[in-house]
Amino acid sequence: MPISIPISSQNFKAKFIEDKRLVCCETAYESFKEILGLVGGPTEKLRSQKLFETVEVIPDVHSPTVHRVPVSSSVKERSKIIFGTGFELKAVTVTSNLSCVRSMRQLGVYFPVYAHVARALTEQKESSAEKVDPKEMGVSAENEHLLSTECSCDLCYYAKSSSSN
């Protein structure tokens, strides 16, 4: 796929998944729904709903290769199911769990991943949060613009852009 340079992360992400079949295994979907239900705010829940309108939830697929990887501090059983499904389907797995990816690679299990930055769901906490002066946090005046109240991760960008179509 041709990529024009320079390109922003969000544009790359949109190009990366453009015209692709998006799937999510049941384990990943159920884990995400559980976390969203516990700490997700109303806008985060709406964005995830928009995102999952474009994603097909599929059954977990057992991977004998990934199943042989021992459970450890960075490789949990849940991760083995999620990455194993992608491995068996020869699909690119979207993840922020790079410690698991590194651990599996050290054990000789390689699979394609699209790494994204982990983003916390913070909306519920924002309503009771106290405003902090950026200067008290040691943020210089020229860097204040880097503080954002809106999530700019690739998945949120995709959910926002797909809802405006």
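Predicted model: local features only at pLDDT ≥ 70, side-chain atom pairs only at ≥ 80, totals over all residues.

Visitor: Why is Ser-31 called buried?

Guide: Ser-31, which sits in helix α2, has a relative accessible area of 14%. Buried means under 20%, so Ser-31 qualifies with its 14%.

Visitor: How do you know that the length of α2 agrees with its number of residues?

Guide: Helix α2 covers residues 26-39, which is 14 residues. The expected span is taken as 1.5 Å times one less than the number of residues.

Visitor: What makes α2 oblique to α5?

Guide: The two helices pack at an angle of about 130°, and their axes are 8 Å apart. That makes α2 oblique to α5, because an angle over 145 degrees would be needed for roughly antiparallel, and 65 to 115 for roughly perpendicular.

Visitor: Which residues meet there, and how do they divide into nonpolar, polar and charged?

Guide: Thr-27, Ala-28 and Ser-31 from α2 meet Arg-78, Ile-81 and Ile-82 from α5. The residues of this contact divide into three nonpolar, two polar and one charged. Ser-31 and Arg-78 are 47 residues apart in sequence, while their C-alpha atoms are 8.8 Å apart in space.

Visitor: Why is α5 called roughly perpendicular to α6?

Guide: The axes of α5 (residues 77-89) and α6 (residues 98-106) come within 11 Å and cross at roughly 75°. Roughly perpendicular covers 65 to 115 degrees, so α5 is roughly perpendicular to α6. On the α5 side the contact is made by Ser-79, Lys-80 and Phe-83, and on the α6 side by Cys-100, Val-101 and Met-104. These residues divide into four nonpolar, one polar and one charged.

Visitor: Lys-80 is in that contact. How do you know that Lys-80 is buried?

Guide: Lys-80 belongs to helix α5, and its relative accessible area is 7%. With the limit for buried at under 20%, Lys-80 is therefore buried. Setting aside neighbours within four places in sequence, Lys-80 is in contact with Val-66, His-67, Val-69, Val-71, Val-75 and Met-104.

Visitor: What puts the buried residues of α6 on the same side?

Guide: Those residues are Cys-100, Val-101, Ser-103 and Met-104. They cover an arc of only 165° around the axis, so they are on the same side of α6. The buried residues of α6 pack against α4 (64-67), α5, β3 (93-95) and β4 (113-115). Just after α6, Gly-108 takes a positive phi of about 90°.

Visitor: And how many helices and strands does the protein have?

Guide: The protein has eight helices and four strands, following the pattern α-β-α-α-β-α-α-β-α-β-α-α along the sequence. Of its 165 residues, 30% are buried.

How values were computed:
Residues numbered from 1 in each chain as written. Heavy atoms only, no water. Axes fitted to C-alpha atoms, helices over the stretch in contact; angles between N-to-C directions. Parallel < 35°, antiparallel > 145°, perpendicular 65-115°, else oblique. Contact = heavy atoms within 4.5 Å. Nonpolar A, V, L, I, M, F, W, Y, C, P; charged D, E, K, R; others polar. Buried < 20%, exposed > 50% of the residue type's maximum accessible area, 1.4 Å probe, protein only. Arc of directions from axis to C-beta.
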